[in-house]
Amino acid sequence: MQKWIMSGLFFAACAFAVVLMFTLPGKEEVAEQNKPTMPVVQLDAAKAEATVKASCITCHGDQLQGGVGPNLQNEGGQHDAEEIYSIVTKGRGQMPSFKEKLAPEEIANVALWLSEKK
């Protein structure tokens with residue numbers, strides 16, 4: 001009788017695992033769900049530079065040459081505006097999130113400005 005109970009539990013666990021495999025989202029779906037949506041803004045280079053000077057130069061340097069943070073002088077060659085927006089909003093590695101410090105429109109403006117630096 002104990003064999004029947006154990007085999008029943010085993011098959012129930014296998015059936016549950018199969019159901020989970022087909023119903024849980026994959027890594028790509030989870031990443032897409034967690035990706036912040038960049039608002040549509042017109043690039044204002046002067047405001048972007050002012051925001052960068054107020055928020056970014058302590059880590060990235062006054063010429064974006066790097067320091068504590070990485071060099072951002074050619075950031076547009078590595079990431080597009082959406083990716084930059086996501087990095088600044090969520091943070092990455094040692095970089096903190098700026099979603100509580102800057103408005104989404106400010107972050108989007110900086111992302112557009114940095115994406116042009118190639």
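The model is predicted. Its largest nonpolar core has 19 residues, and helices H3, H5 and H6 each give two or more residues to this core. A search of the whole structure finds 0 disulfides.

**Nonpolar core**

- The residues with the most contacts inside the largest core are Val 52, Leu 64, Tyr 85, Ile 107, Trp 113 and Leu 114.
- The elements that supply two or more core residues are H3 (45-55), H5 (81-90) and H6 (104-115).
- H6 gives the most to this core, with 6 residues.
- Tyr 85, one of the residues with the most contacts inside the core, touches Pro 36, Thr 37, Met 38 and Pro 39, as well as Pro 104, Ile 107, Ala 108 and Ala 111, when residues up to four places away in sequence are not counted.
- Leu 64, also among the residues with the most contacts inside the core, is placed in the loop between H4 and H5.
- Leu 64 counts as buried because its relative accessible area is 5%, below the 20% cut-off.
- Although Leu 64 is not a glycine, its phi is positive, at about 60°.

**Helix H5 and its ends**

- H5 is mostly covered, with 7 of its 10 residues buried.
- The buried residues in H5 are Ala 81, Ile 84, Tyr 85, Ser 86, Ile 87, Val 88 and Thr 89.
- H6 is included in what covers the buried residues of H5.
- At the start of H5, the backbone nitrogen of Glu 82 has a side-chain oxygen of Asp 80 within 3.2 Å.
- Gly 91 follows H5, and its phi is positive, near 85°.

**Cysteines**

- Cys 56 is buried, with a relative accessible area of 16%, whereas Cys 59 is partly exposed at 35%.

**Glu 75**

- Glu 75 is found in the loop between H4 (57-60) and H5.
- Glu 75 is buried yet has no salt bridge.
- The nearest side chain of opposite charge to Glu 75 is that of Arg 92, 5.7 Å away.
- A polar contact of 2.7 Å joins the side chain of Glu 75 to the side chain of His 79.
- Beyond its neighbours within four places in sequence, Glu 75 is in contact with Ile 84, Leu 114 and Lys 117.

**Ser 115**

- Ser 115 lies in H6.
- Ser 115 is buried, with a relative accessible area of 14%.
- The side chain of Ser 115 reaches the backbone oxygen of Leu 112 at 2.7 Å.
- Apart from neighbours within four places in sequence, Ser 115 is in contact with Gly 76, His 79, Asp 80, Ala 81 and Ile 84.

**Pro 39**

- Pro 39 is placed in the loop between H2 (27-34) and H3.
- At 21% relative accessibility, Pro 39 counts as partly exposed, because residues must be under 20% to count as buried.
- Pro 39 touches Tyr 85, Pro 104, Glu 105 and Ala 108, with residues up to four places away in sequence not counted.
- Pro 39 and Leu 72 are 33 residues apart in sequence, and their C-alpha atoms are 22 Å apart.

- Ala 50 is found in H3 and is partly exposed, at 44% relative accessibility.
- From C-alpha to C-alpha, Ala 50 and Val 110 are 9.4 Å apart, with a sequence separation of 60 residues.
- Lys 53 is also found in H3, and is exposed, with a relative accessible area of 53%.
- Lys 53 and Leu 114 are 61 residues apart in sequence and 13 Å apart in space, C-alpha to C-alpha.

How values were computed. Residues numbered from 1 in each chain as written. Predicted model: local features only at pLDDT ≥ 70, side-chain atom pairs only at ≥ 80, totals over all residues. Heavy atoms only, no water. Core = buried A, V, L, I, M, F, W, Y, C linked by side-chain atoms within 4.5 Å. Buried < 20%, exposed > 50% of the residue type's maximum accessible area, 1.4 Å probe, protein only. Helix = DSSP H or I, 4+ residues; strand = E, 2+ residues; numbered from the N terminus. Contact = heavy atoms within 4.5 Å. Polar contact = N/O pair within 3.5 Å; in protein donor to acceptor, adjacent residues only side chain to side chain. Disulfide = S-S within 2.5 Å. Lys, Arg positive; Asp, Glu negative; His and termini not counted. Salt bridge = Lys/Arg side-chain N within 4 Å of Asp/Glu carboxyl O.
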